[in-house]
Amino acid sequence: MTTSPPSGPSPDLPSPRAPWGDLVLPCLNEAEALPWVLDRVPDGWRALVVDNGSTDGSAALAERLGARVVHEPRRGFGAACHAGLLAATADLVAFCDCDATLDPGELPRLAEPVRAGTADLVLAGRRPTARGAWPLHARAGNRVLARMLHRRTGVRLRDLGPMRVAGRVALLGLGLTDRRSGYPLQMVVRAADAGWRIEETEVAYRPRAGRSKVTGTWRGTYQAVHDMRAVLK
């Protein structure tokens, strides 16, 4: 989809010592995945691990590995993502699952259209690399939501893109309110309503490290779809 850019300032080039962007990593008991994820954060990006009540030492581990840790006591994926957005200071903000399914090393490629001023929001569609990486029930729920999104906004996406990049000031201007699983979809809906230029690319999607709390379970998928449908009304 290509439309006029949103109102408000575009990301400015930072000083040489400043990061290009902040990478928000919502985290709930991801100690098994954190070393791999943080090791893959590319130069120019700063990791913001938002601990959402972990009991496995994730927060302390992330600090030892050099990440900035933000604590969000209110449970919910959206609560963690938004706490990271509020804590970010760089011109660009990226969001990425913290379970080692997605490679943060892809960020420079994803962010380039936003940095170049040719897109306002870039989402990364998932391409499974192994059987079971993206369960069938999770894919089915995603397809239903993508069709609903298209009917609601005209934006045609293959995936709702858990890895995404946009400008920090513009993201704050969307006034996102969902604090559960509907947060990622609400971001796309409000961006579309604001006339943002939204692009989709593709990234590899790996089997997650540790126990899945959402897409790996029928119950988690159902709750996520329920939350997301609510923001389309």
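**View 1. Buried residues of helix H4.** Helix H4 (residues 107-116) has as its buried residues Leu-107, Leu-110, Ala-111, Pro-113 and Val-114. Because these residues cover an arc of only 145° around the axis, they lie on the same side of H4. The arc is that of the directions from the helix axis to the C-beta atoms; buried means under 20% relative accessible area (1.4 Å probe, protein chains only). Helices (H or I, at least four residues) and strands (E, at least two) are DSSP runs, numbered from the N terminus. The model is predicted: local features need pLDDT of at least 70, side-chain atom pairs count only at pLDDT 80 or more, and totals for chains, interfaces and linings use all residues. Residues are numbered from 1 along each chain as its sequence is written, and side-chain values use heavy atoms, without hydrogens and water.

**View 2. The largest nonpolar core.** This core has 35 residues, and Phe-95, Leu-121 and Met-187 are among those with the most contacts inside it. Helix H7 (183-193) is one of the elements that give two or more residues to the core, and H7 gives the most, with seven residues. A nonpolar core is a set of buried Ala, Val, Leu, Ile, Met, Phe, Trp, Tyr and Cys residues joined through side-chain atoms within 4.5 Å.

**View 3. Val-188 in helix H7.** Val-188 lies in helix H7 and is buried, with a relative accessible area of 0%. Not counting residues up to four places away in sequence, Val-188 touches Leu-121, Leu-123, Leu-149, Leu-157, Arg-164 and Ile-198, where contact means heavy atoms within 4.5 Å.

Technical notes:
Buried means under 20% relative accessible area, exposed over 50%, partly exposed in between (1.4 Å probe, protein chains only).
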